[in-house]
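Work through the exercises below with the structure open. Each task is followed by a stepwise solution.

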Amino acid sequence: NYKFHKIKIKREGNKKKMFQPTIKINTSWKNEISWTVVMIFLINMFIKNEQQVMAYMALIVTLFMLYKKIVLPEIPGFTLYFISIIIMFFYGIFVNDIAEFVKGTFYVINNIVIVVVAYYACRYEKGKSMIKTIYLSCMVLLVSDWIKLVLKIGEISTLGSLRDVFNKNIMDILMFSVLLFYECILNKQSIYGKNKDRICMIVAFVTVLISLGRTQILCLIIGILVAYVISIIKENKKQRLFVNLIVSFAIGAILVFLTFLILPDDVTTPFVEKVENSFTEISSDNKFEDEASISSNWRGYENKNAMEQWKNAETWEELFGQGMGVKIKLKSLPELHKKVYSLTDDSTPLLHNGFYTLLVKGGLFALVSLFIWLLYPLRVFRKQVQHRYEVEVYGEMLIMNIMMIATMYVIRGLVGSGTFAVWAIVIGWNSCRLRQSFSYSNERLFRR
């Protein structure tokens, strides 16, 4: 009886232990977050544009001090463009007004500094995931923008008031959505779960469409097309990809239809008119005889004046530019545009077309070297690039850069006061991964 009683007590004790409730919280994602990349987003959100370069420089110094190692960034294809920036800097400091020189330098290097920070984040923070960090950061941006939309829904009556809600973060959300599409739909990768990834991607797409920005919607279409081109050329299952392409654009058409159905006419009508006027607006073939023709074709007028200024410069300046701080002279500038763009005279430091701005500031050398850098990821189409990781790295960079080229053509892009955090992080981080892959043939270096 004693033995039986003892065994019974042991069994009851085991049962109690067996049914004790335990709560497990998965915190492994914290180990994959790059806090340097998080800092990039925080700086972009809370610090004014003019002060961001100093904040990023301080972040680089902090990384050097923490890891006690200073290395020079090796960004593939960037060397010539870096040389052109040095030429613009030293020529501008001696020739142009010092205040305009400081602003002009900021306009050219602010996004480049973020690329360097992202390069060091990959170089120093081993085992971290770029895409997971961007994912979480952009989810915060998405949630904040939608909360802002809900709070201001009663005040939104025009296209301008709607765009004000999404204006600050929309380019980062756009590039994140295309990056997510490339990885989760075309490459069949799972980041935080298949369903979560797809819901997040759709929400990002809808956000871009609702913002009704011509440039953003154009870049969205271009980015998806480039992603499909890369996948169709590099993948074997081409028939499946063609079917996916048709389905994707069918879903896109439905989302566009629903967007126009939901939004009021006071918002959608000005957008349609802007789209219809787009090609006329950027044309520089008009005569621009009066203020009305200049105002209706403002971007084309800017481009025409920039080209004339470049052609009338010395041969040296045609090749290497007129330096940081040079202003583009505009003849017969309408008073309306002076007020809108806060111009004090008939000249402007920035044009809508970033390539024309760079042509005047850095000449043909800067323009060509920028294209060499942005188009460097075209190497993805070489036969030698077959490894899945290399295709993904080059593919991500090419998609981001083609969208950036379209952005520069329309709204300044890399030559302006705006920052493009997602673009810069992808380019900087993947540049580091490429350099590591050249030195070490090891899949661990291609950590997502």
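**Exercise 1. Determine the handedness of the crossing of α10 and α19, and describe the packing and the contact.**

Solution. 
- Step 1. The crossing of α10 and α19 is right-handed. The model is a predicted one.
- Step 2. Take the geometry. Helix α10 covers residues 214-234 and helix α19 covers residues 388-411. They pack at an angle of about 150°, and their axes lie 9 Å apart.
- Step 3. Classify the angle. Angles over 145 degrees count as roughly antiparallel, so α10 is roughly antiparallel to α19.
- Step 4. List the contact. From α10 come T215, Q216, C219, I222, G223, V226, A227, I230 and K234. From α19 come V391, G395, L398, I399, I402, M403, A406, T407, V410 and I411.
- Step 5. The contact of α10 with α19 holds 13 nonpolar, 5 polar and 1 charged.

**Exercise 2. Describe how α2 packs with α6, by angle and axis distance.**

Solution. 
- Step 1. Helix α2 is residues 35-46, and helix α6 is residues 130-151. Their packing angle is about 25°, with 9 Å between the axes.
- Step 2. Angles under 35 degrees count as roughly parallel. Therefore α2 is roughly parallel to α6.
- Step 3. The crossing of α2 past α6 is right-handed.
- Step 4. On α2, the contact uses V37, V38, F41 and M45. On α6, the contact uses T133, I134, S137, C138 and L141.
- Step 5. The contact of α2 with α6 divides into 7 nonpolar and 2 polar residues, with no charged ones.

**Exercise 3. What should helix α8 span, and how far apart are its end C-alpha atoms?**

Solution. 
- Step 1. Helix α8 runs over residues 170-186, which is 17 residues.
- Step 2. At 1.5 Å a residue, α8 should span 24 Å. The expected span uses one less than the number of residues.
- Step 3. The end C-alpha atoms of α8 are 23 Å apart, which agrees.
- Step 4. Check the cover. In α8, 17 of its 17 residues are buried.
- Step 5. Look past the helix. K188 follows α8 and has a positive phi, near 60°.

**Exercise 4. Where is D345, and which residues does D345 touch?**

Solution. 
- Step 1. D345 lies in the loop between α17 (335-340) and β2 (347-348).
- Step 2. D345 has 32% relative accessibility, so it counts as partly exposed.
- Step 3. Beyond residues up to four places away in sequence, D345 touches K327, L333 and K338.
- Step 4. K329 is 16 residues from D345 in sequence, and their C-alpha atoms are 8.9 Å apart.

**Exercise 5. How many helices and strands are in the protein, and what share of its residues is buried?**

Solution. 
- Step 1. The protein has 20 helices and 2 strands.
- Step 2. Of its 448 residues, 50% are buried.
- Step 3. Take the contacts between residues at least 6 apart in sequence. Of these, 75% join residues at least 24 apart.

Notes:
Residues are numbered from 1 along each chain as its sequence is written. This is a predicted model: local features need pLDDT of at least 70, side-chain atom pairs count only at pLDDT 80 or more; totals for chains, interfaces and linings use all residues. Side-chain values use heavy atoms; hydrogens and water are left out. Helices (H or I, at least four residues) and strands (E, at least two) are DSSP runs, numbered from the N terminus. Buried means under 20% relative accessible area, exposed over 50%, partly exposed in between (1.4 Å probe, protein chains only). Contact means heavy atoms within 4.5 Å. Axes are lines fitted to C-alpha atoms, for helices over the stretch in contact, and angles run from 0 to 180 degrees between N-to-C directions. Angles under 35 degrees count as roughly parallel, over 145 as roughly antiparallel, 65 to 115 as roughly perpendicular and the rest as oblique. A crossing is left-handed if the near helix is turned anticlockwise from the far one by less than a right angle, and right-handed if clockwise. Ala, Val, Leu, Ile, Met, Phe, Trp, Tyr, Cys and Pro count as nonpolar, Asp, Glu, Lys and Arg as charged, and the others, Gly among them, as polar.
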